Amino acid sequence: MNYSISDGQKEAAFAALLEQADTVVAANPDKAEALIWRGIIKSSYAGAKGGLGAISLAEGAKADLEAALQLDSQALQGSAYTSLGVLYYKMPGWPIGFGSDKTAKMMLEKALSINPQGIDPNYFYAEFLTQKHDYKAAMSYIEKARQAEPRPQRETADMGRLQELATLEAKVVKKLKR
């Protein structure tokens, strides 16, 4: 959904998808994968919604991802760690939200220890490092993300992520030339 529909349609699409995810989790409460996907959907929905209205969705995503870690921290190649890391660096900190760069770094590094060649953990760690103005380190993770193997049945997501990666790389290259 992040890559195939217009921004104006995303909120409604994520709301519908979240209903489906709720059904899947209700039928599979002991499956980390179901909780991870619902957490990812809530997180993406929060991103589409934006503003203060997104905070409760982000908090729900955090709860799902933490519950998934309790069940199986290795599920979906450590995707719960990747998604938690992103939430922690994109959310505002206290008193508004739970954002924490320290926790984000820890979560993203844990994701990389589980899936060191994956496109998502490398991309998001590069994005995090870019926000911290560590452009040289970010570039090494951009290169790793670019070399990631395509994921089965995730062609659209991989194409979208590669476009985001190209945008991030251009930003980092520009900063490194200064």
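Predicted model: local features only at pLDDT ≥ 70, side-chain atom pairs only at ≥ 80, totals over all residues.
Residues are numbered from 1 along each chain as its sequence is written, and side-chain values use heavy atoms, with hydrogens and water left out.

Helix 4 covers residues 75-90; helices here are DSSP runs (H or I, at least four residues), numbered from the N terminus. At 1.5 Å a residue its 16 residues should span 22 Å, and the end C-alpha atoms sit 23 Å apart, which agrees. That expected span is 1.5 Å times one less than the number of residues.

Of the 16 residues, 12 are buried (under 20% relative accessible area, 1.4 Å probe, protein chains only). Among them are Tyr81, Leu84, Tyr88 and Tyr89. The buried residues pack against helix 2, helix 3, helix 5 and helix 6.

Now for the rings. The structure holds six aromatic pairs (Phe, Tyr or Trp six-membered ring centres within 6.5 Å; planes under 30 degrees apart are stacked, over 60 edge-to-face, the rest tilted). Two of them involve helix 4:

| Pair | Centre to centre | Angle between planes | Type |
|---|---|---|---|
| Tyr88 and Phe98 | 5.3 Å | 75° | edge-to-face |
| Tyr89 and Phe128 | 5.5 Å | 55° | tilted |

Phe98 lies in the loop between helix 4 and helix 5, so its pair with Tyr88 ties together parts 10 residues apart in sequence. Phe128 is in helix 6, so the Tyr89 pair links parts 39 residues apart.

Note on methods:
Helix = DSSP H or I, 4+ residues; strand = E, 2+ residues; numbered from the N terminus. Buried < 20%, exposed > 50% of the residue type's maximum accessible area, 1.4 Å probe, protein only. Contact = heavy atoms within 4.5 Å.
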